[in-house]
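Let's take a walk through this structure together.

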Amino acid sequence: MALPVAAVEAAAIDWEIPEQQVGLWQDAWVRFRRNRLAVLGAGLVLFLVLVALLSPLLVHFGLLADPIKQHVESIETGPGVNGHAFGTDILGRDTLARLMIGSEVSLTVGLLVQGIIFPIGLAIGLAAGYFGGRVDNLLMRFTDIWYAFPDLLFVLVVVSVWRLTGPWYVQLIPIFGAIALVNWVGLARLVRGQVLSIKEKEFVEAARSSGTPPLKLILKHLLPNSLGPIIVTLTFGIPNAIFLEAVLSFLGVGIQPPQPTWGQMVLDGYEAIYANPSGVVFPALAIGFTLLAFSFIGDGLRDALDPRMRR
Amino acid sequence: MAVIAGRPKRGALLPKRVTAVTDSRLGSLGVFVIRRILWMIPVVFFVIVITFILMHNAAGSPWDKAGGRQLSQVVVDNLNKKYGLDKPVFEQFLLYLWNVLHFDFGLSYQYQGKSVVTLIGEGWPYTATIGTLAFLLIVPVGIGLGVLAALRQNTRVDYATMGFATLAASFPNFVIGALMVVLFSVLTYKWTGGNFFLPAGGWGIDDHLIMPVITLSLLPIAYTARLTRASTLETIRQDYIRTAWAKGLPERLVVIRHVLKNSLIPVVTTLGPTFAFLVTGSVIVETVFSIPGIGRAFVVAVTSRDYPMILGTTVLFSIVIATANLIVDVLYVFIDPRVRLT
């Protein structure tokens, strides 16, 4: 017997309806905004993105010194001398301009590497978690071996044999490849774990028993429900990638001059550290605070997206 | 277990089985350790295969000079012959494996007439000294800070400790090293007129060690402190801790006898990653402070494409880390009787 709709509507029961429905993502956003450090980090990253996008324009219009031009009249000067707000380096190049232009390398590495890792780790993790069996076994054995070896050493070995010449974004390709190669394993393992636990939940069971095809099941149920931890892992991967690129540059096997990068600037500044300590301090702080900003964002996202952390 | 009907015969399995049950943990521990040791073999083998393949598909040859006159073809051929590079790749690989089994990693391309084993032997004391000192600093400081922060949760002590840990975990160690050099070598030298400062680099069993060891240990300290804090927080919520307080034990005893003992079990697992941190850290710290250890030698080998040296150090590093992980796993089984041996 069907209830007449009108009768239900007519019975004006005062249901307790919350003022507004809050979904998971909206709730996460509210929680993220409440985390002051995370907002600070997000602000800093936004500022850096603006700097990276705008500084080539500023150089083009002459508002910012050319990062490659050598000012022979002021070599290794401290901040504020001869109109160089942050001083100059050992070749007389403007430190502020080099810092601002150098941000594009760090940000590109940090953000794009995650774009490479995401599809690879996701696909393999989903396959291993959902289908299990041989794919799963292979992945797990592989990760065991992979975890026994530190990222930095592997990236160094790869970069020592595979280098490309050309503009900085071409030189970045081997570095991208090396970092992605060491990082997709962690993501795949995480996705696998998520899928394994969600696969047993009742709603997946219900969907499966009502005849949902596997692909739809993965895309509609497994993927959206494991997205939170995936986003957090990818966010924490950003500072890691930036760190690896900076270390490569610092060790002299990263992006080659003339393109300035922060790691390379620390290395250059190191050669004349007694004459001009600020040449080391500025790029070092730029790297440190960028990494700090990303890890604040990561912490904020984890607190916002992980329901088990709720207090 | 099959049920044996009737009176057991002489030498039946029954008594043996009883002792077997009581000894089972020790016995399966033996099997576990052997399995873990055997597992190291494919790990190290895989590392060798990967690095070997990478090295031999590298563009250019190790005899390429950076600009200027190149070596003549005759010289290159002779060098290739000397270092066995004229043989087929598969044969080279088998030869290399065979040599590795005999602790022979070949001759360095970079330093004429020196073997990789000699070079590693020369660098080893420096790296081991810094690593050991850092390890001795990491364990007490990391655990101490973590326990302190947990016992004073949500106070200024907690916030200060965790703030420090976040900073130390985010700032890369070459940045920390460079900033420390600026602060403690360059600026203090200028301010005190050369009276009180730390040396910016070089080697010596004295104040030369202070900055490298601190730089190397900051990241693992932060990592250990965070994990100890989380694990201690979990422990002090347990019923047996409430019982310990309730029976009137003084704080010192509650902390040492009950909290520490139980919260340190998961902390043991961080010792594995700590070794990995120390190995990768040595690469950076030895470069920053110009210490002639293995890490520095690895960087030099990478920049000059000294393939035997890269292969040798990589294999050595992977053996060190795999051994550290093995020890941690076995230690864990000993400390925590709840761990299942699989």
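Start in chain B, where helix 7 (residues 173-191) packs with helix 8 (residues 210-235) at an angle of about 145 degrees, their axes 9 Å apart. Keep in mind that you're looking at a predicted model. As helix 7 of chain B goes past helix 8 of chain B, the crossing is right-handed.

Which residues meet there? From helix 7 of chain B you'll find Asn173(B), Ile176(B), Gly177(B), Met180(B), Val181(B) and Phe184(B), and across from them in helix 8 of chain B sit Met211(B), Thr215(B), Leu216(B), Leu218(B) and Leu219(B). Sort the residues of this contact by class and you get eight nonpolar, three polar and no charged ones.

Now follow helix 7 of chain B by itself. This helix has 19 residues and reaches 25 Å from its first C-alpha to its last, close to the 27 Å expected at 1.5 Å a residue. Look for a kink of about 30 degrees, centred on Val182(B). Val182(B) is also one of the buried residues of helix 7 of chain B, and others among them are Phe174(B), Val175(B) and Ala178(B). What do the buried residues of this helix pack against? Within chain B, their partners are helix 8 and helix 11 (271-288), and from chain A they have helix 9, helix 10 and helix 11. After helix 7 of chain B comes Gly193(B), with a positive phi near 65 degrees.

Helix 8 of chain B is next. It has 26 residues and reaches 35 Å from first C-alpha to last, close to the 38 Å expected at 1.5 Å a residue. This helix has a kink too: about 35 degrees at Leu218(B), shortly before the proline Pro220(B). Of the 26 residues in helix 8 of chain B, 21 are buried, so this helix is largely enclosed by the rest of the structure.

**Where the chains touch**

Time to zoom out to both chains. Their contact takes 33 residues from chain A and 36 residues from chain B. On the chain A side, the elements giving two or more residues are helix 6 (151-161), helix 9 (214-251), helix 10 (262-271) and helix 11 (278-305) of chain A. Which of them gives the most? That's helix 11 of chain A, with eight residues. By class, the side of chain A that touches chain B divides into 29 nonpolar, four polar and no charged residues.

Terms used:
Residues are numbered from 1 along each chain as its sequence is written. Chains are lettered from A and ligands numbered from 1 in the order in which they are written. This is a predicted model: local features need pLDDT of at least 70, side-chain atom pairs count only at pLDDT 80 or more; totals for chains, interfaces and linings use all residues. Axes are lines fitted to C-alpha atoms, for helices over the stretch in contact, and angles run from 0 to 180 degrees between N-to-C directions. Helices (H or I, at least four residues) and strands (E, at least two) are DSSP runs, numbered from the N terminus. A crossing is left-handed if the near helix is turned anticlockwise from the far one by less than a right angle, and right-handed if clockwise. Two residues are in contact if their C-beta atoms, placed from the backbone, lie within 7 Å. Ala, Val, Leu, Ile, Met, Phe, Trp, Tyr, Cys and Pro count as nonpolar, Asp, Glu, Lys and Arg as charged, and the others, Gly among them, as polar. The expected span of a helix is 1.5 Å times one less than its number of residues. The bend at a residue is the angle between axes fitted to the seven residues ending there and the seven starting there. A residue is buried if 20 or more other C-beta atoms lie within 10 Å of its own, exposed if 12 or fewer, and partly exposed in between; C-beta atoms are placed from the backbone.
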